[in-house]
Structures are given as C-alpha cells and as structure tokens.
Amino acid sequence: MSLRHTLSAAIVVACLAVVPAADAAVVPVQLTARMATVKVAPGVTMRAWTFDGAVPAPVIRVREGDIVQVTLRNAESPHGHGGHGMWHSVDFHAARVAPNVGFAGVAPGKQRTFSFTADRPGVFMYHCGTAPMLQHVGMGMYGAIIVDPAEGRAPATEVTLVQSELYGTVRGGRLRSSLNAMRADRPRYVVFNGVAMRYASQPIPVPVGTLVRIYLVDAGPSLDSDFHVVGTMFDTVQPDGNAENALHDVSTQHVPAGGGAVLELTFPEAGVYPFVTHALRDADAGAMGRFAAK
C-alpha cells in the first residue's frame with residue numbers, strides 16, 4: 001500500500017511498516033465540494049455538505065517533508081441558494097501557510113490549487129473554513145490527514161477514527177440539520193466515521209498481543225473527545241500524532257475539537273473491547289463501537 005495517496009474510506013485496517021523516506025514527493029490531492037445524501041444512523045440519512053461525497057471526507061496520507069498540492073473544485077451550482085451559490089474552502093491543520101492565501105474561498109463552479117509542505121508528523125483535521133464555519137463543518141465538511149514521520153513507524157495494525165457531531169431533528173428517516181442546534185451544542189448524534197453506533201454491530205477486527213495504532217481526529221465542530229478503550233490501556237499516546245509529545249500508560253485521552261492523537265495499544269487476550277468517548281452523554285448519542293480481538 002502506497003503511503004502517498006488519498007484513501008477512499010475513513011477507516012483503514014492493515015499491517016503497515018512505515019519505512020524511512022528516500023526523498024520528498026509532490027503529492028496531488030484533489031477534493032470536490034458537493035452535496036450528497038449520506039447515512040448517519042441506522043435507518044437515518046442526511047443531505048450533507050461534503051468533500052468527495054463522503055462524511056467524513058477521504059483520509060489523506062503523506063510523509064513528513066512531502067509537498068501537498070491541493071486542488072479544491074466547488075461543484076455547487078452558481079445559481080443555487082437563492083441565486084448566489086455557496087462558496088467553499090479547505091483548511092489543513094497540518095499546514096503552515098497564510099490562511100487568506102492558502103485557504104481562500106472557491107466560488108461555485110470554480111477551482112483553485114495551493115501547496116504546503118507537510119513538515120510536522122502527526123494526524124490532523126482538515127475542513128471547510130468558509131463562514132459560518134460552524135455550519136460548514138456541522139454539515140459534514142471535514143476529514144483527517146496523516147503525516148507519517150520521515151524516520152517511519154513500527155509495524156502495526158492501523159485504524160483511523162474521526163469523531164464528530166451531527167445536529168438537527170429526525171423526521172421521516174431524514175436528519176433535518178439545524179444551525180440553531182449547532183449554536184446551542186445540542187447534537188442529535190455523536191459519531192465515529194460518520195454513523196452513530198457504526199461499529200457497535202460491526203466490530204473492528206484487531207489482533208491479540210501485537211501493536212494496534214489508532215489515528216484519532218476530533219472534527220467537532222464543538223465537542224471534545226475523551227477516548228477510552230474498555231479493558232485495556234494505551235501504551236503510548238502522541239497528542240497531534242507527534243512522537244516528541246509522547247505520553248505512556250494512559251487510560252483515557254482527551255482530544256479537543258479540531259485536534260488529533262495517535263494512540264498505540266495491545267489487546268491482552270481474545271474478546272470484545274468497547275471503545276467510547278467517556279463523555280458518556282456523547283457515547284449514548286452514538287459515539288461508541290467495539291474492537292473484536294482475535
């Protein structure tokens with residue numbers, strides 16, 4: 001599996017040995033802002049604002065030192081939304097650029113390209129930064145970018161999880177989104193990888209006794225994550241995914257809205273291990289799943 005590409009889904013389970021980089025690469029990343037109907041809970045859909053038709057957006061993976069060349073195409077109709085159309089943009093937390101230059105808005109029917117150097121390893125959020133940002137993120141315009149360190153990482157089974165909130169009222173099997181609910185911090189669902197209770201009935205398979213690495217991003221837009229795996233502890237936690245920030249023997253890791261972490265652990269014996277945000281109101285609203293260790 002190449003480590004310089006965009007991935008088609010927000011969860012990756014594979015045994016990877018990230019080897020040291022031979023040289024930097026220019027990595028093209030193409031994103032399309034468009035509306036799409038997505039599943040958000042069992043029997044419930046939502047008309048979402050998306051990158052590439054998915055919530056969360058595709059995982060992007062590059063290596064430290066790579067030049068990320070981002071092209072954002074806005075597929076919105078110039079005649080939509082009362083004849084004005086909707087502008088979109090993309091803000092990368094992995095980038096160090098002037099935001100008015102790199103993250104500038106894209107008009108409906110247009111596209112623009114900008115570049116940044118991924119000079120810090122870790123796992124970071126990317127999202128639409130167009131005002132009102134709360135609404136654009138709350139409607140589904142967010143994803144994760146993994147920047148592998150130049151020196152590589154140890155082999156591990158890897159999982160990517162994006163926690164987020166969805167706001168509104170369910171009527172007729174459709175979540176009708178509400179900006180007022182977003183402003184009041186009253187989510188209808190809190191989810192991992194876009195769907196409430198997604199991994200409750202379909203646990204994520206993991207091995208017993210060997211390293212598992214979780215890339216976690218809290219996309220918000222407003223609530224923090226208190227990530228916990230029942231029945232074990234994290235051997236190592238790297239806030240924002242940088243090994244220089246490493247913590248050890250952590251039971252529950254706080255990740256702020258907009259933040260990320262790399263969490264490494266081993267499962268001691270075969271069984272089913274629930275994972276949640278330990279803000280239990282949010283777990284009850286859908287932010288829980290299970291690992292199946294074999």
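This is a short talk on one predicted protein model, going from its overall make-up to a few local features.

Some ground rules come before the details. Residues are numbered from 1 along each chain as its sequence is written, and side-chain values use heavy atoms, with hydrogens and water left out. As this is a predicted model, local features need a pLDDT of at least 70 and side-chain atom pairs count only at pLDDT 80 or more, while totals for chains, interfaces and linings use all residues.

I will start with confidence. pLDDT is the predictor's confidence in each residue, on a scale from 0 to 100. Its mean for the protein is 92, and 89% of the residues reach 70 or more. Over residues 1-10 the value is below 50, although this stretch has 33 contacts in the model beyond near neighbours in sequence. A contact here means heavy atoms within 4.5 Å. Residues 15-20 also stay under 50, with 24 contacts beyond four places in sequence. Where pLDDT is low, the predicted coordinates should not be read in detail.

Now the overall make-up. The protein has five helices and 23 strands. Those are DSSP runs numbered from the N terminus: H or I of at least four residues for helices, E of at least two for strands. Of the 294 residues, 53% count as buried. Buried means under 20% relative accessible area, exposed means over 50%, and partly exposed is in between, with a 1.4 Å probe and protein chains only. The protein exposes about 11,900 Å², and carbon and sulfur atoms supply 52% of that. That area comes from the Shrake-Rupley method with a 1.4 Å probe; for residues, only the protein chains shown count as cover. Among contacts with a separation of 6 or more, 71% are between residues 24 or more positions apart.

Next, strand β4. What encloses β4, residues 44-51? Six of its eight residues are buried, so the rest of the structure largely encloses it. On pairing, two strands pair if DSSP finds at least two bridges between them. β4 pairs with β3, residues 26-41, in the antiparallel sense over eight bridges. β3 and β4 form a hairpin with two residues between them, and Gly43 in the turn has a positive phi of about 75°. β4 is also joined to β13, residues 174-177, by two bridges, and these strands run parallel. There, Met46 has Leu175 in β13 as its bridge partner.

Moving on to the backbone, there are two cis peptide bonds to point out. One runs from Val55 to Pro56, with omega near -5°; Pro56 sits in the loop between β4 and β5, residues 60-63. Another joins Ala131 and Pro132, with omega about -10°. Pro132 is in the loop between β9 (122-127) and α3 (133-138).

Two aspartates have a positive phi. Asp240 is near 65° and lies in the loop between β18 (234-239) and β19 (247-250). Its relative accessibility is 37%, so Asp240 counts as partly exposed. Asp249 has a phi near 55° and lies in strand β19 itself. Is Asp249 buried or exposed? Asp249 is exposed, at 59% relative accessible area.

Last, the sheet and the aromatic residues. Five strands form an open sheet of mixed pairing, in the order β15-β23-β22-β17-β20. Its edge strands are β15 (204-206) and β20 (252-255), each pairing on one side only. The twist averages 25° from one strand to the next; axes are lines fitted to C-alpha atoms, for helices over the stretch in contact, and angles run from 0 to 180 degrees between N-to-C directions. Within this sheet, β17 (225-229) and β20 pair in the antiparallel sense over four bridges, and Phe227 has Gln253 in β20 as its bridge partner.

Phe227 also belongs to a cluster of ring pairs with Phe192, Tyr199, Phe234, Phe267, Tyr273, Phe275 and Phe291. The whole structure has 13 aromatic pairs. Rings of Phe, Tyr and Trp (its six-membered ring) pair if their centres lie within 6.5 Å; planes under 30 degrees apart count as stacked, over 60 as edge-to-face and the rest as tilted.

Two of those phenylalanines meet Ser251. Leaving aside neighbours within four places in sequence, Ser251 is in contact with Phe227, His228, Met233 and Phe234. Ser251 lies in the loop between β19 and β20 and is partly exposed at 35% relative accessible area. Its C-alpha atom is 9.5 Å from that of Gly231, 20 residues away along the chain.
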